[in-house]
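Please read them beside the coordinates.

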Amino acid sequence: MHKKLKIMGLAVVLVGGVLIYATPYIKMEFAGSATYTEQNAREYLFYTPEILKKMPRISGRYEFDFANITGPAKHVHAVKFYGTSDVSKIDSYLESIGYKKQKECDIDASCWRGSDPQETVYVGMLNGEKMVLVQVVTDFSKN
């Protein structure tokens with residue numbers, strides 16, 4: 001009887017530890033949006049696609065965003081660079097990894113496409129602010 005209680009207690013502690021460890025990841029998996037920096041390591045590693053992790057840092061002040069739009073059909077990952085309007089390093093980076101600038105874009109920004117038909121990269125500036133916004137939009141409804 002005493003041995004069973006020890007085993008049961010150990011099992012409860014282990015399950016509790018796993019739940020405590022997994023809870024932030026479960027919350028992130030079902031989050032509708034998030035704003036974070038590289039210093040928020042868990043969020044940075046979970047949300048940020050490789051293309052944004054390797055994106056040239058064109059400003060010393062920047063932050064990342066994630067949004068789940070229209071349910072699970074579209075994910076938008078973004079990085080905002082404050083205090084700059086020069087996108088030349090970003091354009092060079094995108095070209096170097098095989099993205100092609102599109103002639104037409106559905107928003108007021110530069111549109112880039114790579115080999116993934118579901119993914120579009122938008123590079124633009126917000127009017128009235130000195131800020132560059134880079135968005136990686138994954139549209140899961142496209143094949």
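**Notes on the model**

1. The backbone oxygen of Y82 is 2.5 Å from a polar atom of the S59 side chain. The S59 side chain also reaches the backbone nitrogen of R61, at 3.1 Å. A polar contact is a pair of N or O atoms within 3.5 Å; within protein, one must be able to donate a hydrogen and the other to accept it, and residues adjacent in sequence count only if both atoms are side-chain atoms. S59 sits in the loop between helix 3 (50-53) and strand 2, and is buried at a relative accessible area of 13%. Buried is under 20% relative accessible area, exposed is over 50%, and partly exposed lies in between (1.4 Å probe, protein chains only).

2. On provenance, this is a predicted model, in which local features need pLDDT of at least 70 and side-chain atom pairs count only at pLDDT 80 or more, while totals for chains, interfaces and linings use all residues. Residues are numbered from 1 along each chain as its sequence is written, and side-chain values use heavy atoms, with hydrogens and water left out.

3. The sheet is open, has 7 strands in the order 1-2-3-7-6-5-4, and shows antiparallel pairing. Strand 1 (33-36) and strand 4 (100-101) are at the edges with a single partner strand each, so one side of each has no neighbour in the sheet. Helices (H or I, at least four residues) and strands (E, at least two) are DSSP runs numbered from the N terminus; two strands pair if DSSP finds at least two bridges between them.

4. Strand 7 (residues 131-139) has 8 of its 9 residues buried, so the rest of the structure largely encloses it. Strand 3 (residues 74-82) pairs with strand 7 in the antiparallel sense over 9 bridges, with H77 opposite V136. Strand 6 (residues 119-125) is joined to strand 7 by 7 bridges, also antiparallel, and there V136 is the bridge partner of V121.

5. Which residue in the turn between strand 6 and strand 7 has a positive phi? In this hairpin, with 5 residues between the strands, G128 has a phi of about 80°. Elsewhere in the sheet, strand 2 (residues 62-69) pairs with strand 3 over 8 antiparallel bridges, and I69 is opposite K74.

6. There is 1 disulfide in the structure, taken as a pair of cysteine sulfur atoms within 2.5 Å. C105 and C111 form it, with their sulfur atoms 1.7 Å apart. The link is right-handed, with 55° about the S-S bond. C105 is partly exposed at a relative accessible area of 26%, whereas C111 is buried at 4%.

7. The largest pocket holds about 200 Å³ of space. A pocket is an open set of points on a 1 Å grid over the protein atoms alone, where a 1.4 Å probe fits, with protein on both sides within 12 Å along at least five of seven lines; lining residues have an atom within 4 Å of a point. The volume is the space filled by probe spheres set on the points, which are joined across faces, edges and corners.

8. Of the 14 residues lining the largest pocket, D106, T120, Y122, V137 and K142 lie nearest its centre. Strand 5 (110-113), strand 6 and strand 7 each supply at least two lining residues, and strand 7 gives the largest share, 3 residues. The lining divides into 5 nonpolar, 3 polar and 6 charged residues. Ala, Val, Leu, Ile, Met, Phe, Trp, Tyr, Cys and Pro count as nonpolar, Asp, Glu, Lys and Arg as charged, and the others, Gly among them, as polar.
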